[in-house]
Amino acid sequence: MTWVEAIVLGIVQGLTEFLPISSSGHLRITSAIFFDQDAGASFTAVTQLGTEAAVLLYFAKDIWRISRTWIVGLWDRSVRTSLDYRMGWYVIVGSIPIGLLGFLFKDQIRETARNLWLVATTLIVFAFVLAFAEYWGRQTRTLENFRMKDGVVMGLAQAMALIPGVSRSGGTLTAGLLLNLTRETAARYSFLLAIPAVVMSGIFSIGDVFEPAAAGTAVPSVAQMIVATIIAFGVGYAAIAWLLRYVAHHTLYVFVLYRVALGTLVLALLMTGTISAT
């Protein structure tokens with residue numbers, strides 16, 4: 001891996017992680033178009049540690065309050081009716097699907113699922129699913145109305161993002177809208193829900209970055225990996241603030257159009273042999 005590739009991919013990761021357009025899909029596409037190689041699923045997972053560090057910093061007060069209340073609530077029944085205590089359980093239970101499926105299908109995720117035909121197709125298909133959710137969802141429910149079933153459904157939606165092109169935030173936002181949650185409520189839970197799964201995935205993938213199983217995968221140096229992750233952190237922190245402001249006042253249709261356009265472009269490049277699917 002070159003330094004230019006490491007820096008560019010770090011920027012792409014930070015820009016796209018929290019938008020409903022698939023950061024893993026963008027890293028795969030960017031690598032194929034501009035660098036003629038795949039940085040690999042493990043590189044994506046590790047750079048996500050940077051963006052999740054941004055989440056931890058941005059939501060530090062909320063995370064501390066929820067964590068403290070959840071721990072206290074394990075033996076103090078008086079706090080178990082509070083939203084913070086319940087939110088702790090919602091995040092834990094909602095994280096189970098992606099953790100379980102990620103473990104069971106680890107090899108397929110790192111190899112088969114990175115085929116660009118699949119990435120482009122999922123970008124387009126799930127764009128229309130997101131559009132339907134934006135149109136159909138009544139957006140009448142806030143965090144105060146959040147229930148365990150919402151956490152489970154959005155957790156299952158997050159697990160679909162194991163396929164590059166689906167988008168973790170896109171899947172959870174779509175599910176939230178279909179559950180009639182407001183866009184801002186769905187986005188806030190989505191940020192919290194990502195922390196356990198993404199952090200664990202990144203930590204367990206560190207070794208695989210430098211010894212990838214797939215042939216042709218770009219191998220970064222330790223320094224390049226660190227720099228890419230730091231860049232993802234800085235850009236990602238800015239993206240969190242922007243997205244929360246955006247979804248509070250705008251629809252998600254611009255992301256739908258972008259996904260369709262990008263997916264169509266990738267399909268065209270594949271059909272003309274400009275880029276390789278693997």
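Tyr90 and Phe146 are both buried, where buried means under 20% relative accessible area, exposed means over 50%, and partly exposed is in between (1.4 Å probe, protein chains only). The model is a predicted one, in which local features need pLDDT of at least 70 and side-chain atom pairs count only at pLDDT 80 or more, while totals for chains, interfaces and linings use all residues. Residues are numbered from 1 along each chain as its sequence is written, and side-chain values use heavy atoms, with hydrogens and water left out.

## Aromatic pairs

A pair of aromatic rings is described by the distance of the centres and the angle of the planes. Here, rings of Phe, Tyr and Trp (its six-membered ring) pair if their centres lie within 6.5 Å; planes under 30 degrees apart count as stacked, over 60 as edge-to-face, and the rest as tilted. The structure holds 10 such aromatic pairs. In one of them, the ring centres of Trp70 and Trp89 are 5.4 Å apart with the planes at 70 degrees, so this pair is edge-to-face. It links distant parts of the chain, with Trp70 in helix H4 (residues 60-73) and Trp89 in helix H5, 19 residues apart. Helices here are DSSP runs (H or I, at least four residues), as strands are (E, at least two), and they are numbered from the N terminus. Trp70 is partly exposed at a relative accessible area of 21%, and Trp89 is partly exposed at 32%.

Now back to the opening residues: Tyr90 and Phe146 form a tilted aromatic pair, 5.4 Å centre to centre with 45 degrees between the planes. This pair also links distant parts of the chain, as Tyr90 is in helix H5 and Phe146 is in the loop between helix H7 (116-136) and H8, 56 residues apart. Elsewhere, ring pairs join Phe18, Tyr58, Phe59, Phe191 and Tyr237 into a cluster.

## A nonpolar patch on the surface

Trp89 turns up again in a nonpolar surface patch, together with Ile71, Leu74, Trp75, Ile92, Met148, Val152 and Leu156, and the patch has about 730 Å² of accessible area. Patches are made of residues with over 30% relative accessible area and no salt bridge; nonpolar side chains (Val, Leu, Ile, Met, Phe, Trp, Tyr) are joined within 5 Å, and like charges within 9 Å. The areas come from the Shrake-Rupley method with a 1.4 Å probe, and for residues only the protein chains shown count as cover. Helix H5 (83-104) and helix H8 (148-159) each supply at least two residues of the patch, and the largest share, 3 residues, comes from H8. Ile92 is found in H5 and is partly exposed, with a relative accessible area of 36%.

## Salt bridges

A salt bridge is a side-chain nitrogen of Lys or Arg within 4 Å of a carboxyl oxygen of Asp or Glu.

| Salt bridge | N to O distance |
|---|---|
| Arg28 and Asp38 | 3.7 Å |
| Asp84 and Arg65 | 2.7 Å |
| Arg141 and Asp150 | 2.6 Å |

Arg28 and Asp38 are both buried. Arg141 is buried, with a relative accessible area of 16%, and Asp150 counts as buried at 0%.

## Two loops

Glu17 lies in the loop between helix H1 (3-16) and helix H2 (23-35), and at 4% relative accessibility Glu17 counts as buried. Its side chain makes polar contacts with the side chains of Gln13 (2.9 Å) and Ser23 (2.8 Å). A polar contact is a pair of N or O atoms within 3.5 Å; within protein, one must be able to donate a hydrogen and the other to accept it, and residues adjacent in sequence count only if both atoms are side-chain atoms.

## Record annotation

An unreviewed UniProt entry lists residues 87-105, 117-136, 191-210, 222-244 and 256-277 under "transmembrane region". UniProt positions are given in the numbering used here, feature names are shortened, and annotations may be inferred rather than shown by experiment. In the model, residues 87-105 are 95% helix and 0% strand, with the end C-alpha atoms 28 Å apart. Residues 191-210 are 100% helix and 0% strand, with their end C-alpha atoms 28 Å apart.
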